[in-house]
Amino acid sequence: MDTQSLTLALGDATHAGRTFDVMPVAGDEPVLQVTVSGAEETPVYITVTDTQILCLAYLFDTQELNPERLHELHENMLRISVPMPLSALGKTGDHYVVYGALSPTSGTAEIMQELVTLAENAIDLLQTFEDYLA
Amino acid sequence: MAKKPDWSKEEQAVQAVQLAFDLSNDIQRAFRVSAALQDMSTADMVRKVLQLPYRRARARPRLTVTLKDEDFELLAQKYRLDPQDRAAIRHRVAEELQGFARNYLTDSGH
């Protein structure tokens, strides 16, 4: 699966009543921005490498957080990351992210399930960790 | 920590997503700001750039705020008014918003 075939596959597909709005983002490496219907506030970014399909949604930045409660937030993030379906929490640069990785041989159905779950998890996480924002 | 495995390709992919996120944030901000300056909705601004039909300006640009019961409570405390006296609270809200606008639009000619 590459980003081009993914763009075509997602554009016409529905999964669990959700549709997908796909926007390729210009750059050296192909990245797609996918908006899942019903979860428009948390777009998911997808990139495909030889070893994985990486799906990632952005939550908040370090500077948005209350520094005094950072340790407590990290502790809670690590704990919630394990039971959270199909996703894990991490950090890239200053951004806290929720992400899911799939095998590059995954089919469209698995990818759509990941996208829907990830976008919903991102919304739930934003609500869960609201109190830690400065 | 022992030697890190070589995940440079994956690191590059993460970096690419990061750039994509920053770029789309910048683009969104540009559209929101330019739309506001031209009294248009962001969706219409996108249509204008794409040279698709769009509404030129909002027919009646309105400023609305929906106040909930707890908002009236908070505002009543702030203005030292009776929370039941919603007309008075609304009046003070209007005054405060006008005050903000007057300070903000320093070059409005008023």
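**The core and its surroundings**

Reply: The largest nonpolar core has 38 residues, of which A:Val44, A:Ile46, A:Cys55, A:Leu56, A:Ala57, A:Leu115 and B:Val17 touch the most other members. Such a core is a set of buried Ala, Val, Leu, Ile, Met, Phe, Trp, Tyr and Cys residues joined through C-beta atoms within 7 Å. A residue is buried if 20 or more other C-beta atoms lie within 10 Å of its own, exposed if 12 or fewer, and partly exposed in between, with C-beta atoms placed from the backbone. At least two residues of the core come from each of helix H1 (3-11), strand S2 (18-25), strand S3 (31-36), strand S4 (44-48), S5, S7 and helix H3 (108-128) of chain A, and also from helix H1 (8-37) of chain B. H3(A) gives the largest share, eight residues. Helices (H or I, at least four residues) and strands (E, at least two) are DSSP runs, numbered from the N terminus. In soluble globular proteins, nonpolar side chains tend to be buried together.

The model is a predicted one, in which local features need pLDDT of at least 70 and side-chain atom pairs count only at pLDDT 80 or more, while totals for chains, interfaces and linings use all residues. Residues are numbered from 1 along each chain as its sequence is written, and chains are lettered from A and ligands numbered from 1 in the order in which they are written.

Apart from neighbours within four places in sequence, A:Leu56 contacts A:Val44, A:Tyr45, A:Val97, A:Tyr99 and B:Val17. Two residues are in contact if their C-beta atoms, placed from the backbone, lie within 7 Å. The contact between the chains draws 16 residues from chain A and 13 from chain B. On the side of chain B that touches chain A, eight residues are nonpolar, three polar and two charged; here Ala, Val, Leu, Ile, Met, Phe, Trp, Tyr, Cys and Pro count as nonpolar, Asp, Glu, Lys and Arg as charged, and the others, Gly among them, as polar.

The strands of chain A come next. Seven of them form an open sheet with antiparallel pairing, in the order S1-S2-S3-S4-S5-S7-S6; two strands pair if DSSP finds at least two bridges between them. Strand S1 (14-15) and S6 of chain A are at the edges with a single partner strand each, so one side of each has no neighbour in the sheet.

Five residues lie between S2(A) and S3(A) in their hairpin.

A:Gly11 belongs to helix H1 of chain A. With 11 C-beta neighbours inside 10 Å, A:Gly11 counts as exposed. Its C-alpha atom is 6.4 Å from that of A:Asp21, ten residues away along the chain.

Chain B, which supplies B:Val17 to the core, has four helices and zero strands. Buried residues account for 8% of its 110 residues. Among contacts in chain B between residues at least 6 apart in sequence, 3% join residues at least 24 apart. The radius of gyration of chain B, taken over C-alpha atoms, is 23 Å, whereas a compact globule of 110 residues would have one near 13 Å, by the rule of 2.2 Å times the number of residues to the power 0.38.
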